[in-house]
Structures are given as structure tokens and as C-alpha cells.
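This briefing covers surface patches, aromatic pairs and charges over rings.

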Amino acid sequence: MSRYVFVGALALAVVGLDQAAKWAVQSRMELYQSIPLVDGFFHLTYVRNSGGAFGFLRETSAAVRLPFFIAVSSAAVVALLYFVRQVAPGHRLLLFALGGILGGALGNLIDRMTAGTVVDFLDVHWRGWYWPTFNVADSFISTGVVILLLHSLFVREEKPPAGA
């Protein structure tokens, strides 16, 4: 299987899972409703995020915010496809990371283009500490970035000898 097929299939699976989860939350919950799954630690809480990660640009007008996020997401998709080209076909973990990030970026881009906001619903907190509510797409983006970071820090690529 080519690296593009692998990354594309994974990205499509992430988009499908992300959009299905968001649809389920929107169709079964009221906005701001919270359902404890592990009391005191993990809830399903339906919110709509007009900003980016951690609410970035949330207070900015939609006329500025939406084109900005659509442009950044589109640029990220192009950059990710370029990076896929640079990864050797046998590096499945790196390709998994890129496919997860690509699928997550596309999942959130779909929300922004169709509703102007992103559906978030995974709510983690502990002893008064609250992580910003997030979604499936965000989970794949974060996991992919961590994999890429760890790879860049700990994996040394074998380089062919000069002149070879």
C-alpha cells in the first residue's frame, strides 16, 4: 500500500469518526449539557468553540476569525501532504501521525466551514483543574504531534555515506 493511500485512508477514517461523534453529541444533547462518565474526572459536555486551540481568537469577529482558520487549516493540509512525500513508505508510525493530524485538521475544518464553530465535547478535569473541552479531531491532532515530536527527539535516521 502506498504511503498516500495509507495516510488518506487513515485521514478519512478520522474524519468519519470525528463527524459521527459530533453528530451523536449534537443530536442527543443540549448545548452546554454535561453528562458525567467518570464523576469528578471525565464528562461529555457539549460546547461550540468559535476559537482555535485553547480558545485562541475566540473573541475576534467571525469576519476575521473564520477566514483565518480556514486559511491556516488549508495551509496545514498542503504542508502535511508535502511531509507525507518526505516520509519513507516503511515508516508507518510517522505516516500514522501525519494521517491523524490531517484527518483531525479536516474534521475541524468541516465544522468551521459548515457552522463557523467547532463542536467540542470531551471534558477532562480533576480536583478543580480543567483541561479545555476538546473533540476526536483534536485528539488525533495532539497524538500525531506528540508522535512527530518524540520521533524528532529520539529517532536518528541512518544517512548514506557521502558519495554513495
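Buried means under 20% relative accessible area, exposed means over 50%, and partly exposed lies in between (1.4 Å probe, protein chains only). The model is predicted: local features need pLDDT of at least 70, side-chain atom pairs count only at pLDDT 80 or more, and totals for chains, interfaces and linings use all residues. Residues are numbered from 1 along each chain as its sequence is written, and side-chain values use heavy atoms, with hydrogens and water left out.

**Nonpolar patch**
- Ile35, Leu37, Val38, Phe41, Trp126, Trp129 and Trp131 make up a nonpolar surface patch with about 710 Å² of accessible area together.
- Strand S1 (residues 34-38) gives the most to this patch, three residues; a strand is a DSSP run of E, at least two residues, numbered from the N terminus.
- Leu37 is found in strand S1 and is partly exposed, at 49% relative accessible area.

**Aromatic pairs**
- The whole structure has three aromatic pairs (ring centres within 6.5 Å; planes under 30 degrees apart are stacked, over 60 edge-to-face, the rest tilted; for Trp the six-membered ring is used).
- Phe68 and Phe69 pair edge-to-face because their planes are at 65°, with centres 5.4 Å apart.
- Phe68 is partly exposed at 35%, whereas Phe69 is buried at 8%.
- Trp129 and Trp131 form a tilted pair, 5.7 Å centre to centre with 45° between the planes.
- Trp129 is partly exposed at 47%, and Trp131 is partly exposed at 37%.

**Charges over rings**
- Arg112 lies over the face of Phe69, 4.2 Å from the ring centre (CZ of Arg or NZ of Lys within 6 Å of the centre and within 35 degrees of the ring normal).
- The charged end of Arg92 sits over the ring of Phe6, 4.5 Å from its centre.

How values were computed
Patches are made of residues with over 30% relative accessible area and no salt bridge: like charges are joined within 9 Å, nonpolar side chains (Val, Leu, Ile, Met, Phe, Trp, Tyr) within 5 Å. Accessible areas come from the Shrake-Rupley method with a 1.4 Å probe; for residues, only the protein chains shown count as cover. A salt bridge is a side-chain nitrogen of Lys or Arg within 4 Å of a carboxyl oxygen of Asp or Glu. Helices (H or I, at least four residues) and strands (E, at least two) are DSSP runs, numbered from the N terminus.
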